[in-house]
Amino acid sequence: MNFTKRNPIDSRLIFLGLFIVLVLLPVLFPNPARVGMFISCGVASVLAMGWLLILRIGCLSLGQVAFLAIGGYTSAILSQKLGISPWFGLLFGGISAGLIALGIGLIFLRIRGLYLAIITFAFAEIVRLVFSTLEFFGGHGGILEIPKYPPISLLGRGTVRFDSPFSCYYILITIVLISGIFMWRMDHSALGRTFRSLPQNEDLAESLGIHPLRYKVISFITACFFAGMVGAFTAHYYGCLYPGSYSPMHSVIVQIQATVGGAASVAFGGLLGGFLMVMVETFLLNVDSRWVLIFYGAVIILITFVLPEGLLSLPQEIKKFRQKT
Amino acid sequence: MTDLMQLFLNCLVLSANYILLALGLTLIFGILRALNFAHGVLYITGAYVVYALAKLMGMNYFLATFIAMIIVGGLGLLIEASILYPLADRVKVAALGAILGVSMVLEGVLAFIFEGEDVTIGSFFTGTVSMVGATLSVERIMVVVLCGLIMVGVYGWIQKTKQGMAIRALAENPRVANLQGINTRLIRFLVMTMASVVAAFAGAIVTPLFYINPFMGGHVVFKALLIVAVGGMGSIEGSILAGLLIGFVECIGVTYLGPIAEVISFLMVIAIFLFRPRGLLGVEYEFH
Amino acid sequence: MAILEIKEVTHNFKGLTALFQIDIEVQEGEILGIIGPNGAGKTTLFNNISGFIKPTKGEILFRGENIVGLRPDVIVRKGVVRSFQGTSLFPAVSCLGNIIIAHHLYKEFGFWETMLNTKSYLTREQEVREKSLAILETLNLADKKDVAARDIPYGYQKMLGIAMALTTDAQVLLLDEPVAGMTPQEALAMTEEIRRIRSGLGKTIVLVEHNMKTVMGVCDRIVVIHHGEKIAEGEPEVIKKDPQVIEAYLGTDEI
């Protein structure tokens, strides 16, 4: 990555373009099922962006969905047992995920390499087992009848209701854009620069005055905070939570989506991977749900051999290919 | 007394099963320096082949097992030749992704064919036997005995034979082994095939006892990975020790605490990585 | 008072004694060489001083303050920086990027200033960039500023590594085998650079080296370590004739 030739104007234009497209999507395709799919795309994107941000520090997170779950359960329980509004639930979901990320990050992020990846997996499994066993979290059946988003009244202009995918989509897209811009900014700043130095030569970074754990934790908390926030969103949007939807397989799917998108850009890779893969997945689900697993598996094998840096690297690879021939 | 012996036997069965898988995994890791996540799905594939041949087509159980071992061995070889060997020099992340992909594809195919419902063959060795003051199922005893025999066989082969020595040499120092004229590629293929065959065998002997579904592979291979990590990457003795440890702890835990007892295994792994990364019996090893 | 004092430092590691009661005083502004046969414990000593490992016994004082137990990134803030054996670089980052990263301690950035891209952050970034470009100019690497560090010639890589250590503004530089793998001309250029760093910038330099010509030529004093113990100390002429030193190196082609 070249720190000297950055062109922030291009990126801002892209974000503007994306903003317009994302805002217009449900207008162009108002079919509720379609909009529901776009919502899934958005959720996947936030997770994928977080995965890529964590990859920056050299960590392969095999447990992203655990934080999705933490956010979801936190918000669901707070709204059911303490009557807290789902709007605040978004914030609390993110905060609880972030706090837990801080706690385990301080302990685990000292470990390097594949061992760390395995630990993220172990942690995710522990979270899933806890949620699916303890009665407080609803056990195997999960939590049902989670309150939906209450209407907001616009002074003098009536109320905005959130009982359809259409309106909930805009809540999600706000989260997607905020997290995207935040993580993009982090990645492109001196913070991202420091992140990247760690997997390349952590000892050197340390000897130059960089405190590795501090930066690893910053990246980790950020990714997990937004995962938690979007997890809280899904809890109230779908109205129910099942521990089974936070299985290891789902974490692997996050990895595949992010990898397909491309590690070159945390925000754009995550958005591309999330949207594209979920759209294909939804299409396949309508054909025959058994294809989905084979699809994801085949895609990652293909990507690994043909385009390891993901779709974002396509222009570069085509240029390289042309230069060779 | 019967209950206790039953519990003990169940723990042995679980341990034996895990150990067989962990053995394959630790060999693959030691020689190929790859974490073969597809190992679990190979195990399940072995189980399904036996199910398909023995239960659905009425073939003799032993013949079905034999055929399963051949098919899965071939699959393993295919995976090594087309995925692991070409990616051997790449960054670990890349190989990991591809292997996960392979396991997903195979699971998907199994789900396609067998519809994802839980199935079982039903006991093959029927009957019980009275020993040590308890009534125990012959089936389970046979499973433990067979697993034990395979373990001894593999261990003996690695330690005593010429090929075994070549394998150990390759595990210790791939470059030097190459210079010594040891055919690295052949050894890799051999080890992968052998490990896959053992996995198929483990799957085959387990189908009579449990219900299986196509998605168990990931869970099972991860357990095996935990065992390999706790015992020490690349250490056969370590895998056996850790397999017994985790198998027993889990079995007892699940019996008295329910499914949440699995958390203990995960906590164990986390503790090992934090305090003794090389595992109980492993050697210091650098990951990248 | 010596700028760096290593007092009775012992380091045991898995039953082996890597260092035993090492006593060294480094005077401010001197160039001290540490030599000894392979495996004698020289890099272990550097690891102990720079905080990557802790001595089992003993103290390490920098300007009178004990730095044992401090993290490496804290120690470099105090004023002791080290470079590593081989190349001390971020291989996939551009040359300019490497120097920019090395400027981490220069006006450390705050989280929200960074995230919100404030004026003060932008000013700092611009300053760092200009300083880094200037450093690349002095190294004759300005034309390679966007080339990945792993793609430039080995000699330049080592120079870059030293430049990065210098950006930390630390007073004491621990250089681990600065001329290893270099051609005689490159080694000569490096020794010139080391002299310049001492006289021009007033730094204190401790170097570990195997290249005897370099060591004898550039060091004010030399310490010899063998099997983890200091067996000799003094000026190059004295060390060359020391019987214990010669015996330690007997059978090696190093002297």
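Two strands count as paired if DSSP finds at least two bridges between them. The model described here is predicted. In chain C, four strands form an open sheet in the order E2-E1-E4-E5, and the pairing is antiparallel. Its edge strands are E2 (16-26) and E5 (65-66), and each pairs on one side only. Inside this sheet, strand E1 (residues 4-13) of chain C runs antiparallel to strand E4 (residues 57-62), joined by five bridges. One pair to look for is Ile6(C), whose bridge partner in E4(C) is Ile60(C).

Another open sheet of chain C has six strands, in the order E6-E7-E8-E3-E9-E10. Here the pairing is mixed. The edge strands are E6 and E10 (229-234) of chain C, each pairing on one side only. Neighbouring strands of this sheet are turned by 20 degrees against each other on average, direction ignored. In general, strands of a sheet pair through backbone hydrogen bonds, either parallel or antiparallel.

In total, five of the five residues of E7 (residues 172-176) of chain C are buried.

E7(C) pairs with strand E6 (residues 80-82) of chain C in the parallel sense, over three bridges. Arg82(C) stands opposite Leu174(C) there. E7(C) also runs parallel to strand E8 (residues 204-208) of chain C, with five bridges between them. In that pairing, Val172(C) faces Thr204(C) of E8(C). From E7(C), the chain crosses through helix H7 (residues 184-201) of chain C to E8(C). This β-α-β crossover is right-handed.

Ile225(C) stands opposite Lys230(C) in E10(C).

## A covered helix

Helix H1 (residues 42-49) of chain C lies across strands E3 (31-35), E6, E7, E8 and E9. H1(C) runs at about 145 degrees to E7(C). Helix H1(C) is mostly covered, with seven of its eight residues buried. Among them are Leu45(C), Phe46(C) and Ile49(C), but also Lys42(C) and Asn47(C). After the helix comes Gly51(C), whose phi is positive, near 90 degrees.

## Where chains A and B meet

Contact between these chains involves 32 residues of chain B and 28 residues of chain A. On the chain B side, the elements giving two or more residues are helices H4 (92-114), H9 (216-231) and H11 (262-275). H4(B) gives the largest share, 15 residues. By type, the chain B side divides into 23 nonpolar, six polar and three charged residues.

Chain A has a mean pLDDT of 89, and 97% of its residues reach 70 or more. One stretch needs care. Over residues 1-6 of chain A, the pLDDT is below 50. Beyond near neighbours in sequence, this stretch has 13 contacts in the model. Where pLDDT is low, the predicted coordinates should not be read in detail.

Chain B averages a pLDDT of 81, and 91% of the residues score at least 70. Which element of chain B has the lowest confidence, and which the highest? Strand E1 (residues 128-131) of chain B is lowest, at a mean of 66. Helix H3 (residues 61-84) of chain B is highest, at 90.

Definitions and conventions. Residues numbered from 1 in each chain as written. Chains lettered and ligands numbered in written order. Predicted model: local features only at pLDDT ≥ 70, side-chain atom pairs only at ≥ 80, totals over all residues. Contact = placed C-beta atoms within 7 Å. Nonpolar A, V, L, I, M, F, W, Y, C, P; charged D, E, K, R; others polar. Buried ≥ 20, exposed ≤ 12 C-beta atoms within 10 Å, placed from the backbone. pLDDT = per-residue confidence, 0-100. Right-handed = clockwise from strand over helix to strand, strands pointing away. Axes fitted to C-alpha atoms, helices over the stretch in contact; angles between N-to-C directions.
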